[in-house]
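These are my notebook entries on a single structure. I record what I looked up, entry by entry.

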Amino acid sequence: MTRTYDLYGSKDGTVDELTAVVAAALNVTMEPHESSAYGEYNRTPGIGGETISVQPNYVDYGEEEDELIEGDFPEYSVIVRITKTYRGEEIQARLAEKVPQLDFLRRDPL
């Protein structure tokens, strides 16, 4: 089995709204997190394995111009990253059923 990195996007809703529905759909707990690369976002506690994060598709630099995180998908205001997962197909099916506002954007093998 291969681990993958999956990317989803939503054109509607806020990070907090998407966090709530994604966490419920996948039966996970998400916590606020902050990084210099991505700003403020929510993620599952990454304990050496699969990590799920919900974040804006831009970094807010205050008075400076915002920078897109996923430049290939500028139309998506919120992105969901699922990293180091062996369950890509399972998660994709569950999100398609329970979170219809999310679009599957790509899957990359790790």
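Which residues touch the most other members of the largest nonpolar core? I found Val-80, Leu-95 and Leu-102 in that position, within a core of 17 residues. I took a nonpolar core to be a set of buried Ala, Val, Leu, Ile, Met, Phe, Trp, Tyr and Cys residues joined through side-chain atoms within 4.5 Å.

**Basis.** I note that this is a predicted model, in which local features need pLDDT of at least 70 and side-chain atom pairs count only at pLDDT 80 or more, whereas totals for chains, interfaces and linings use all residues. Residues are numbered from 1 along each chain as its sequence is written, and side-chain values use heavy atoms, with hydrogens and water left out.

**Cores.** I next looked up which elements supply the largest nonpolar core. Helix 1 (15-26), strand 4 (51-56), strand 7 (78-85) and helix 2 (88-98) each supply at least two of its residues. Helix 1 gives the most, namely six residues. Helices (H or I, at least four residues) and strands (E, at least two) are DSSP runs, numbered from the N terminus. For Leu-95 I listed contacts (heavy atoms within 4.5 Å). Not counting residues up to four places away in sequence, Leu-95 touches Tyr-8, Val-22, Ala-25, Leu-26, Ile-82, Pro-100 and Leu-102. As background, nonpolar side chains tend to be buried together in soluble globular proteins.

**Helix 2.** I then asked which residues of helix 2 are buried. They are Gly-88, Ile-91 and Leu-95; buried means under 20% relative accessible area, exposed over 50%, and partly exposed in between (1.4 Å probe, protein chains only). Seen down the axis of helix 2, the buried residues fall within an arc of 65°, so they line one face of the helix. The arc is that of the directions from the helix axis to the C-beta atoms. On the other side of helix 2, I found Glu-89, Ala-96 and Glu-97 exposed. The buried residues of helix 2 pack against strand 1, helix 1, strand 7 and strand 8.

**Ser-10.** I looked up Ser-10, which is placed in strand 1 (residues 4-10). Ser-10 is buried, at a relative accessible area of 0%. A polar atom of the Ser-10 side chain lies 2.5 Å from the backbone oxygen of Asp-12. Leaving aside neighbours within four places in sequence, Ser-10 is in contact with Leu-18, Tyr-76, Ser-77, Val-78, Gln-101 and Leu-102.

**Salt bridges.** How many salt bridges does a search of the whole structure find? The search finds eight, a salt bridge being a side-chain nitrogen of Lys or Arg within 4 Å of a carboxyl oxygen of Asp or Glu. One of them joins the side chains of Asp-6 and Arg-107 (2.8 Å, N to O). Asp-6 lies in strand 1 and Arg-107 in strand 8 (residues 102-109), so the pair ties together parts that are 101 residues apart in sequence. I recorded Asp-6 as buried, at 0% relative accessible area, and Arg-107 as partly exposed, at 25%.

The side chains of Arg-81 and Glu-70 also meet in a salt bridge (3.3 Å, N to O). Arg-81 is in strand 7 and Glu-70 in the loop between strand 6 (67-68) and strand 7, eleven residues apart. Arg-81 counts as buried at 10% relative accessibility, and Glu-70 is buried at 8%.

In a further entry I noted Glu-90 and Arg-87, whose closest N and O atoms are 3.3 Å apart in a salt bridge. Salt bridges that share partners join Glu-50, Arg-87, Glu-90 and Arg-94 into one network.

**Strand pairing.** I checked strand 2 (residues 31-35) and strand 3 (residues 39-43), which run antiparallel and are joined by five bridges. Two strands pair if DSSP finds at least two bridges between them. Strand 2 and strand 3 form a hairpin with three residues between them, and Pro-32 has Asn-42 as its bridge partner in strand 3. Strand 3 also pairs with strand 4 in the antiparallel sense, over two bridges; there, Arg-43 has Ser-53 as its bridge partner in strand 4.

**Pro-109.** My last entry concerns Pro-109, which lies in strand 8. Pro-109 counts as exposed at 62% relative accessibility. Not counting residues up to four places away in sequence, Pro-109 touches Thr-2, Arg-3 and Thr-4.

Conventions. A polar contact is a pair of N or O atoms within 3.5 Å; within protein, one must be able to donate a hydrogen and the other to accept it, and residues adjacent in sequence count only if both atoms are side-chain atoms.
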